[in-house]
Amino acid sequence: MWALVCVAIYLSLSLMSYSPSDPGWSYVGDATKVTNAGGRTGAWFADVAFYLFGYFAYLLPFMVAWSAWLIFRGRSEDMAMRTWMLSLRWVGFLVTLAAGCAFASMHLSGVGDVLPNGTGGGLGLLISQRMLAAFNLTGANLLLGGLLLVSLTLFFGISWLKLLDTLGASVLTGGRRAWTLLNGFLSPSRVEAPLYADAGPNGLPEALNLIDPSAVPDPESVKPRAPARSRKPSGRLPQALQDAMTDPVPFAAEPEPEAEESMTLADLMRGQRPVPEAAPRIKRTVRRVPKNPESQAEQPELEPELEEDVAKPAPVAKQKAPSRVMSVKASGERPLPPLELLDAPRKSGRGYSPEQIEELSRHVEKTLADFGVVAEVVAVFPGPVVTLFELQLAPGVKASKITGLARDLARALTTISVRVVEIIPGKSSIGIEIPNKQRETVFLSEVFGSSAYQDAGSPLTIGLGTNISGAPVVADLARMPHALIAGTTGSGKSVAINAMILSLLYKSDPDDVRLIMVDPKMLELSVYEGIPHLLTPVVTDMKEAANALRWCVGEMERRYRLMSKLGVRNIGGYNRRVAEAEQAGEPIPDPTFNPAEAPGMEPPALTHLPYVVVIIDELADMMMVVGKKVEELIARLAQKARASGIHLLLATQRPSVDVLTGLIKANIPTRMAFQVSSRIDSRTILDQMGAEQLLGNGDMLYLPPSGNIPQRVHGAFVDDHEVHQVVDFLKSHYGEPDYIHDVLREPTEMLPGIDPEPRGDTEDTDPLFDEAVQFVVESRRGSISGVQRRFKIGYNRAARMVEEMERIGIVGPAETNGNREVLAPPPIDD
Ligand SMILES: Nc1ncnc2c1ncn2[C@@H]1O[C@H](COP(=O)(O)OP(=O)(O)OP(=O)(O)O)[C@@H](O)[C@H]1O
């Protein structure tokens, strides 16, 4: 690069010290006397250059220096891209040179008399003569002018619109400054006036106070930023607000020219541009007001239609007071934990400013252009952790091309990672999620305070965090009905599990929800020891954990029997029937009671059944100790437990196929993927890529049960002291937990379909078993011959595997033609 700079300087000096009398190419002269600063070579070069290009010869050293700069600027790009961009600039340069020379020859012929071929050199003469002969003066001017505009764009990479934009903005700034000066001169008292002369009680102008205060998230931040905000009269805001935002008078004392200037012309132009129906937001509409109900009304388009409620984020000030309604159960006696036990949300408020967003948008467009992708930013959604840029791609550009560029984009934008959202439901644009420079923490109290959580009726409501625009994401475990949580160590799984547990504890009392916690690390969940919701002490012994799972299967079977006797379809229906009967004073006797077991005893009355949530903090550890038996039990529970109110939350930091096996995945469609180290891990968890681009610290992709588009959720943060406070509160208000000791005991009776002891069977020993399960579940063909053909194995081995699949409930019994019905649900498509 420095060599090129030196060459450019040398060439410039040679041209500047050109003398027609020096010996050169067009003039031999006195060979001994050379006045050119570049010596004989310089003289020769200057002569040739001026001969050919006239005064445009000065462009040559400029181009050499420009190339040096381009090489330096593009050093982070790959070689092919750099060469391509440089070639484009050179093409632009050559065409500019030719058109410029021709122009100069046509119009400035008298200026360069000292030069061998006049102002435009030989090239200019040649082109201008040909053009004049062919098109006359007007035609030649028009053609050369057009050519010059195009070639300058290529040469410098400038955007004429941007140039006009800047020029227009400068004119307006000048005008505004003049007006300010004039105004100040005419009425000095105005200069002393407060920023908002007509400020309302909260410091906002009266016009701002006309709107719902919740539409303005943070009055403190609005006030000083007001001039900047005024650049985007969005058209959806009330007229009074728009007027207030665009009124120049209040800003006379404190003009912020930069903020004002870049808006006007650019916005006018954007306003005229047709914006796709699906994206009614004006280009780069800056949604700095995530709590604005209007904005929220549109936001859900961004998110797939999911089962969970994505509510409008509630400003902290608007959070329902640690709701008395919520914190006291209908029956009245036992309070649920109050919100005060959790840390109040703290916001740094240091997100991107509108100017930074504008700048970033251009940077994104330019970076993509550098990679040869023409795209336009049509909307921007700043959020607490990432900012989503919606891009309209030029026709013919594939979204997958942008996905392939994700890493290069991250590098060019100097961020850790960039996630490309190829499909935004209901829109033709794609999204790029760029991490914010300053990340906000999502507090659990923020999610619990939102109406989405407070108004949710299900006792199994769990608050996950917020979506990328800051709206709380709340899901219903009852509808999931089980979830897999996976991510590398330190990615935020334990915090997420704590948040989920607290969600349950804040929503339901022990009559409604009971928990079984399995904590192989003996670390994460032991803090909950002694809370009234536990069915059994926190399980740290893996054999006991397997017993607990077996107990769950037995309990599930018992509940199914009860439900079928009562003729109800699920636990909700069962509890309603039991409650109605109790209210009517006619409790229902247990229909499964066997008088032979307890002669002379009355059958006990049926009572309310709580939901049971089994939380396993590290599935890999459990599988390692107990073996594949766990897998079988989990699959068994996962297949049938929904109706009986037994739900599983399984976490692992080892997202490999030997932990998240085909059998487990086939039965647990809801997944939460935290940051992982590779695409393969992401595929193992979600059956698609994406989790490798997450940011850690609770950033997750949530794949809901009914859909295959994962939603990015920023997990809520919950600190250890918050957990301790909630646990202490529960212990002090509810007393000792009512443990069921049978949960951890060795089962005394055999469960139908489950062997009491692992028997080292095909499932345990055959290395192809998992793949065979995957094949059968995916292809929906459960025949032995199919497995035999697919894996090129003998009949006996294939038969053993398929029989094993029948035993654990993946396929049904053989039909007459040898086929079997595949009972396990199909996997989620990529
Ligand atoms: N939602 C969040 N917001 C902010 N920081 C978070 C969040 N979740 C986790 N963190 C940070 O990440 C750290 C690691 O989180 P956590 O212990 O939950 O990870 P993990 O995936 O469970 O790791 P391991 O598997 O090793 O236990 C936490 O100490 C915390 O500082």
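Start by selecting G487, T488, T489, G490, S491, G492, K493 and S494: the "binding site" annotation in the unreviewed UniProt entry covers these residues. Keep in mind as you click around that this is a predicted model.

**Stop 1: T488**

Pick T488 out of that selection. You'll find T488 in the loop that runs between β8 (483-486) and α18 (493-507). Is T488 buried, partly exposed or exposed? T488 counts as partly exposed, because its relative accessible area is 21% and the buried class takes in only values under 20%. Now show its surroundings: leaving aside residues up to four places away in sequence, T488 touches K493, Q653, Q675, V676 and S677.

**Stop 2: the ligand**

How many residues surround the ligand? There are 16, and the closest are T489, G490, K493, S494 and G715. Of these, T489, G490, K493 and S494 also belong to the UniProt "binding site" annotation.

- G492: a backbone N or O atom sits 3.0 Å from a ligand oxygen atom.
- S494: here a polar side-chain atom is 2.6 Å from an oxygen atom of the ligand.
- V495: a backbone N or O atom lies 2.9 Å from an oxygen atom of the ligand.

**Stop 3: S494 from the protein side**

S494 belongs to helix α18. Which residues does S494 touch, not counting those up to four places away in sequence? Select K521, E524 and D617 to see them.

**Stop 4: a four-stranded sheet**

Now move to another part of the model and colour β2, β3, β5 and β4. In that order, these four strands make an open sheet with antiparallel pairing. β2 (375-382) and β4 (419-421) are the edge strands: each has a single partner strand, so one side of each has no neighbour in the sheet. From one strand to the next, the twist averages 25°.

Zoom in on β2 and strand β3 (residues 386-393), which pair in the antiparallel sense over seven bridges. For one of them, click V377, then look across to β3, where L391 is its bridge partner.

**Last stop: the helix on the sheet**

Terms used:
Residues numbered from 1 in each chain as written. Predicted model: local features only at pLDDT ≥ 70, side-chain atom pairs only at ≥ 80, totals over all residues. Heavy atoms only, no water. UniProt positions renumbered as here; feature names shortened; annotations may be inferred. Helix = DSSP H or I, 4+ residues; strand = E, 2+ residues; numbered from the N terminus. Buried < 20%, exposed > 50% of the residue type's maximum accessible area, 1.4 Å probe, protein only. Contact = heavy atoms within 4.5 Å. Pairing = 2+ DSSP bridges. Axes fitted to C-alpha atoms, helices over the stretch in contact; angles between N-to-C directions. Near = heavy atom within 4 Å. Polar contact = N/O pair within 3.5 Å; in protein donor to acceptor, adjacent residues only side chain to side chain.
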